[in-house]
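Subject: Handing over the structure

Hi,

Here is the structure I promised to pass on to you. Please open it first, and then read my notes below.

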Amino acid sequence: MASWIIQITVVVLSVFISSSQGKRDKVLYCSACRAIVDELNYSISQVDPKKTINVGSFRLNPDGTMKDKKVPLARSETHLSELLDGVCGSMSDYALHVDPDTKEKRYKRFAPRSSGTTGDFPDFKDFQFDGPEASSALKFACESIVEELEDDIISLFSQDTEHVVKELCNRVSDYCKDAKLTNEEL
């Protein structure tokens with residue numbers, strides 16, 4: 001009799017645990033996806049467009065020449081991989097923002113960029129600063145997305161795809177599938 005109760009308890013707990021692991025906070029993951037795109041776009045825009053990198057094979061052809069190709073550094077796979085390694089470090093510059101009109105919640109950048117202007121930031125009264133655990137949750141979501149979608153992110157940015165937010169966060173990952181996507185980028 002006791003073994004039967006233990007077996008039922010184990011089955012119920014395993015079903016509960018497996019169902020709770022599959023749920024992700026939609027606001028958190030959608031905001032993290034949008035933040036990744038915003039941070040990568042900003043980092044790419046800071047690279048000198050004249051800089052190039054050699055890609056291709058570094059083997060010598062039979063005639064003694066080498067076949068390589070120069071591509072812009074900003075959108076090269078090498079540079080994008082380096083940017084992805086550090087993109088989640090800037091998630092501490094984001095906080096939960098509640099739109100005063102629609103009451104829609106999403107994480108937005110509140111901190112000015114080092115070389116940016118400070119006059120275009122929203123009012124701080126609409127932000128909820130929940131301490132370091134909120135930014136660490138956003139950083140974890142960012143790291144999860146980068147780990148899961150690294151190849152797709154690099155592919156979209158290296159092709160200079162239009163509407164990367166819509167493409168990555170709605171079509172590829174479905175993180176913002178139900179969210180309203182406005183023309184405003186974070």
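K103 has a positive phi of about 60° although it is not a glycine. Most residues other than glycine have a negative phi. K103 is also exposed, with a relative accessible area of 56%; buried means under 20% relative accessible area, exposed over 50%, and partly exposed in between, with a 1.4 Å probe and protein chains only.

Before going on, a word on the source. This is a predicted model, in which local features need pLDDT of at least 70 and side-chain atom pairs count only at pLDDT 80 or more, while totals for chains, interfaces and linings use all residues. Residues are numbered from 1 along each chain as its sequence is written, and side-chain values use heavy atoms, with hydrogens and water left out.

The overall picture

The chain has 5 helices and 5 strands, and along the sequence they follow the pattern α-α-β-β-α-β-β-β-α-α. Of its 186 residues, 33% count as buried.

An open sheet is formed by 3 strands in the order β4-β3-β5, with antiparallel pairing (two strands pair if DSSP finds at least two bridges between them). β4 (105–109) and β5 (127–128) are at the edges with a single partner strand each, so one side of each has no neighbour in the sheet. Even so, 4 of the 5 residues of β4 are buried, so the strand is largely enclosed by the rest of the structure. β3 and β4 are joined by 5 bridges; H97 has R106 as its bridge partner in β4, and Y94 stands opposite R109. The two strands make a hairpin with 6 residues between them, and K103 from the opening of this note is in the turn.

The core

The largest nonpolar core holds 38 residues, and those with the most contacts inside it are L40, I145, I153 and F157. Such a core is a set of buried Ala, Val, Leu, Ile, Met, Phe, Trp, Tyr and Cys residues joined through side-chain atoms within 4.5 Å. Two or more residues each come from α2 (26–45), α3 (77–86), β3 (94–98), α4 (132–158) and α5 (164–172), and α4 gives the most, with 11 residues. Leaving aside residues up to four places away in sequence, F157 touches V37, L40, N41, I44, R75, L80 and V164 (contact means heavy atoms within 4.5 Å).

Around α5

The buried residues of α5 are V164, V165, L168, C169 and N170, and their cover includes α2 and α4. In the loop between α4 and α5 you will find H163, which has a positive phi of about 55° although it is not a glycine. H163 is exposed, with a relative accessible area of 55%. After α5 comes D174, whose phi is positive too, near 65°.

One more spot to look at is M66, in the loop between β1 (52–55) and β2 (69–72). M66 is partly exposed, with a relative accessible area of 43%.

Best wishes
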